[in-house]
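Reader: I have a new structure open and would like to go through it with you. Can you put it up here?

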Amino acid sequence: MDRLVARSSLAALALFFVALAPRLAWAVEADAPPAAARPRALTIYAGTAGISVLDTGAGAVPAIGGELGATFPLGKLFALELLGAAGLSAARDAEPNNIWIRLALGLRVERTDTWGLRPYGGLRLVHIHYAKAETWRDHPGASLLGDSSRGLDHRSGLGLVGGVSHGMGASRFRIFAELEPSYVPIGRGPQLFVAATFGFGAAL
């Protein structure tokens, strides 16, 4: 009789743990950081920018732009940036519409091992293909490839960026906002740009 009771108790205890196991697994998974919050090798960003070209012949001129970029973590405190962007400035007085494309390589200081709020700052090396809208319209391929014989200017300089990004819950997505003044003294044309960029990213 005692053996029967013992066996019944063991069987009941085993069934209890079998029933409880899925709940325990769920609790452990819930307490662990979400998969999206774990460090990843690459984050892709896209954004739209409000820009001011400060030193044109007509003074400060507003512009709009877009940006596509990627960050590659270098340890827990740094990330490498690779960015491509384009901008269109408004015509004002004798200043025509201008279009540019921009490539930038940067080093960002950022806590790459967290997922929530992440302020960041960085330095970017910048190269710009800058020309009138007419030049881009009449010679799009040559301008894209950097042919300066058709009126395109090559510009190079530095950008300083400060911003903040935030992970969106347990998803892979982040939102960000940043401000970047840049000084582009090499080449002809305006040298001072300020861009405020807002957008989102996805950790891969």
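Reader: What volume does the largest cavity have?
Author: About 170 Å³. A cavity here is a set of points on a 1 Å grid over the protein atoms alone where a 1.4 Å probe fits but cannot get out. Grid points are joined across faces, edges and corners, and the volume is the space filled by probe spheres set on the points.

Reader: Where do these coordinates come from?
Author: This is a predicted model, in which local features need pLDDT of at least 70 and side-chain atom pairs count only at pLDDT 80 or more, while totals for chains, interfaces and linings use all residues. Residues are numbered from 1 along each chain as its sequence is written, and side-chain values use heavy atoms, with hydrogens and water left out.

Reader: Ok. How many cavities of 30 Å³ or more are there?
Author: The count by this rule is 3.

Reader: And which residues lie nearest the centre of the largest cavity?
Author: Ile51, Ala85, Trp100, Arg102 and Ala195, out of 16 lining residues. A lining residue has an atom within 4 Å of a point.

Reader: What classes are in that lining?
Author: The lining has 9 nonpolar, 4 polar and 3 charged residues. Ala, Val, Leu, Ile, Met, Phe, Trp, Tyr, Cys and Pro count as nonpolar, Asp, Glu, Lys and Arg as charged, and the others, Gly among them, as polar.

Reader: Which strand gives the most to it?
Author: Strand 8, with 4 residues. Strands are DSSP runs of E, at least two residues, numbered from the N terminus. Among those that supply at least two lining residues each are strand 1 (43–56) and strand 4 (98–110).

Reader: Changing topic, what do the strands form?
Author: A closed barrel of 8 strands in the order 1-2-3-4-5-6-7-8, with antiparallel pairing. Neighbouring strands are turned by 25 degrees against each other on average, direction ignored. Strands pair if DSSP finds at least two bridges between them, and axes are lines fitted to C-alpha atoms, with angles from 0 to 180 degrees between N-to-C directions.

Reader: How many bridges join strand 6 to strand 7?
Author: 9, and the two run antiparallel. Gly167 stands opposite Arg174 in strand 7. The two strands form a hairpin with 5 residues between them, and Gly169 in the turn has a positive phi of about 60 degrees.

Reader: What about strand 7 and strand 8, how many bridges there?
Author: 11, also antiparallel. Leu179 has Ala196 in strand 8 as its bridge partner. In their hairpin, Gly187 takes a positive phi near 110 degrees.

Key. On a 1 Å grid over the protein atoms alone, a cavity is a set of points where a 1.4 Å probe fits but cannot get out, and a pocket is an open set with protein on both sides within 12 Å along at least five of seven lines; lining residues have an atom within 4 Å of a point.
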